[in-house]
Structure formats: C-alpha cells, structure tokens
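User: I am new to this structure. Can you show me how to read its features?

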Amino acid sequence: MRDGKPHPKNYPWWPEVIAKIDEEVIQVGIDGELQLVPTFHKSLSLTELGKLVEQCTTWLSVDTFLQHFCWDLQKPGIAIFGQSDPIIFGHPENVNLLKDRKYLREKQFWWWEQISYNDECWVTTDVVLAALKKFNVKLK
C-alpha cells in the first residue's frame with residue numbers, strides 16, 4: 001500500500017499464483033513487505049541474493065530490481081509488468097508478461113508517486129501459470 005492505495009508494482013494475485021505452485025516458493029524482499037510464504041529472506045546482501053538465485057529453478061517478479069539483477073547473473077525468469085513498458089525496462093531473455101500496452105503509463109520515467117495507479121493493468125493468474133510451465137515449474 002502507498003498512501004492507503006495499492007502500490008503500483010504489487011501484483012494483486014500473488015496468493016492465487018503461489019497456491020498453484022507445487023514446489024517450494026522462496027520470497028525475497030525488505031522489511032515492511034507482506035510475507036506470502038514461510039521462507040522469506042529480507043534485506044539480503046547482493047552476494048546472498050546471487051547465491052539464492054543461482055539455486056532456484058526460476059524466478060518470478062514484478063518489474064523491480066530483481067529482474068535486472070537476475071539478468072546480470074544470466075538467470076532468465078518471468079517479469080510481470082503492469083504500467084511499465086517491457087520494451088524499455090524488460091530483458092528479451094526473460095518472459096515479460098504485459099496485459100496490454102493500453103495500460104502503460106504515459107510518462108515511463110516519472111516517479112510512481114507522480115502517476116495514477118490502474119489496478120486493471122495486470123495479467124491474470126492463468127497467464128502467469130502458463131509462463132511458469134515454460135520453466136518446468138510443478139503446478140497443482
């Protein structure tokens with residue numbers, strides 16, 4: 001949440017996606033984030049995060065630092081885009097999920113506090129689950 005509103009980079013259907021994954025899910029983040037799974041690593045050093053990424057089957061994230069970090073480690077994964085343009089901020093080695101370009105914010109380089117949030121911008125859980133299948137993630 002940001003000022004009582006959903007944060008524009010928080011995929012609203014994380015619990016539904018996680019519930020369909022039939023293997024261990026590890027969450028990384030920072031203090032203050034909602035813990036969604038039992039294994040939640042907070043505020044890791046880059047070295048610690050790198051070791052964790054190397055051990056994972058794949059990674060799934062909204063467009064945040066993690067997708068760029070994983071790209072640098074040559075570990076492709078899935079990036080969920082809402083109002084950010086994957087042509088600008090994505091990496092072609094990843095599966096970049098975007099519902100529709102009509103939901104992209106007009107000013108791509110403005111701070112999030114300067115734009116209006118649109119909660120209709122996210123791909124459905126079915127789209128995310130189909131992408132996970134491409135990485136051989138076991139689903140229920």
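Predicted model: local features only at pLDDT ≥ 70, side-chain atom pairs only at ≥ 80, totals over all residues.

User: What is the order of the strands in the open sheet?

Analyst: Strands (E, at least two residues) and helices (H or I, at least four) are DSSP runs, numbered from the N terminus. Two strands pair if DSSP finds at least two bridges between them. Here the order is β3-β4-β5, with parallel pairing. β3 (60-62) and β5 each have a single partner strand, so one side of each has no neighbour in the sheet. β3 and β4 pair over three bridges. Serine 61 stands opposite alanine 79 in β4.

User: Which residues have the most contacts inside the largest nonpolar core?

Analyst: A nonpolar core is a set of buried Ala, Val, Leu, Ile, Met, Phe, Trp, Tyr and Cys residues joined through side-chain atoms within 4.5 Å. Buried means under 20% relative accessible area, exposed over 50%, and partly exposed in between (1.4 Å probe, protein chains only). The largest core has 21 residues, and those with the most contacts inside it include Tyr11, Val17 and Leu132. α5 (125-134) is among the elements that give two or more residues to this core. α5 gives the most, with four residues. A second, separate core has nine residues, including Val53 and Phe69.

User: How many aromatic pairs are found in the whole structure?

Analyst: A pair of aromatic rings is described by the distance of the centres and the angle of the planes. Rings of Phe, Tyr and Trp (its six-membered ring) pair if their centres lie within 6.5 Å; planes under 30 degrees apart count as stacked, over 60 as edge-to-face and the rest as tilted. The search finds five pairs. Tyrosine 11 and tryptophan 14 form an edge-to-face pair, 5.3 Å centre to centre, with 75 degrees between the planes. Tyrosine 11 is buried at 1% relative accessibility. Tryptophan 14 is buried too, at 13%.

User: Is asparagine 10 buried, exposed or partly exposed?

Analyst: Asparagine 10 is partly exposed, because its relative accessible area is 40%. It is found in the segment before α1 (14-20). Contact means heavy atoms within 4.5 Å. Beyond neighbours within four places in sequence, asparagine 10 is in contact with Tyr117 and Trp122.

Key: Residues numbered from 1 in each chain as written. Heavy atoms only, no water.
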